[in-house]
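Student: I would like to learn how to read strand pairing and aromatic pairs in a model. Please take one feature at a time.

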Amino acid sequence: MADPVLRTDVPAPGPFSALLGFRYISVEGGVAVVEADPGPEHCNGGGIVHGGFLSAMLDTTTGWAVHADVAPGVAAPHVQLSVQYVRAAVPGQTLVCRGTAIAVGRRIASAEAEITQNGRVVARAIASHAVLTRPEA
């Protein structure tokens, strides 16, 4: 597994994302890109990348895309994540997840994401987020 590149132009991953080895690559215009190099520790008993790992990557990427489109300090937690597993992902090959904020309103945001490995889709998701603004003091 390659060492993550430290970047100063994007936020650092949170503790859970860092534990899984996610690298925040870019976020611009409501589009976020996250990469990971899954190893044997990220696999199920059959030797393929665990669906929970893929789901966490989709969750992270859709969340990052939405948070890029809300005002600083506004929380936007997931309220729904629907994942479709398309084909098996294998360890030792980079996964690239690209997420897009589709619509960000005052109360609800929608996003989608897709994970590819070697240019082939392995999983995709749609997500909904609650946009939580704090009342004016």
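**Strands and rings**

Tutor: Arg-98 stands opposite Glu-114 in S5. The model is predicted, so local features need pLDDT of at least 70 and side-chain atom pairs pLDDT 80 or more, while totals for chains, interfaces and linings use all residues. Residues are numbered from 1 along each chain as its sequence is written, and side-chain values use heavy atoms, without hydrogens and water.

Student: In which sense do S4 and S5 pair, and over how many bridges?

Tutor: Two strands pair if DSSP finds at least two bridges between them; strands (E, at least two residues) and helices (H or I, at least four) are DSSP runs, numbered from the N terminus. Strand S4 (residues 95-104) and strand S5 (residues 108-117) are antiparallel, with 9 bridges. They form a hairpin with 3 residues between them.

Student: What joins S5 to S6?

Tutor: 10 bridges join S5 to S6 (residues 120-130), and the two run antiparallel. Glu-112 has Ile-126 in S6 as its bridge partner. In this hairpin 2 residues lie between the strands, and Asn-118 in the turn has a positive phi of about 55°.

Student: How many aromatic pairs does a search of the whole structure find?

Tutor: A pair of aromatic rings is described by the distance of the centres and the angle of the planes. Rings of Phe, Tyr and Trp (its six-membered ring) pair if their centres lie within 6.5 Å; planes under 30 degrees apart are stacked, over 60 edge-to-face, the rest tilted. The search finds 2 pairs. Phe-22 and Phe-53 have ring centres 5.4 Å apart and planes at 75°, so this pair is edge-to-face.
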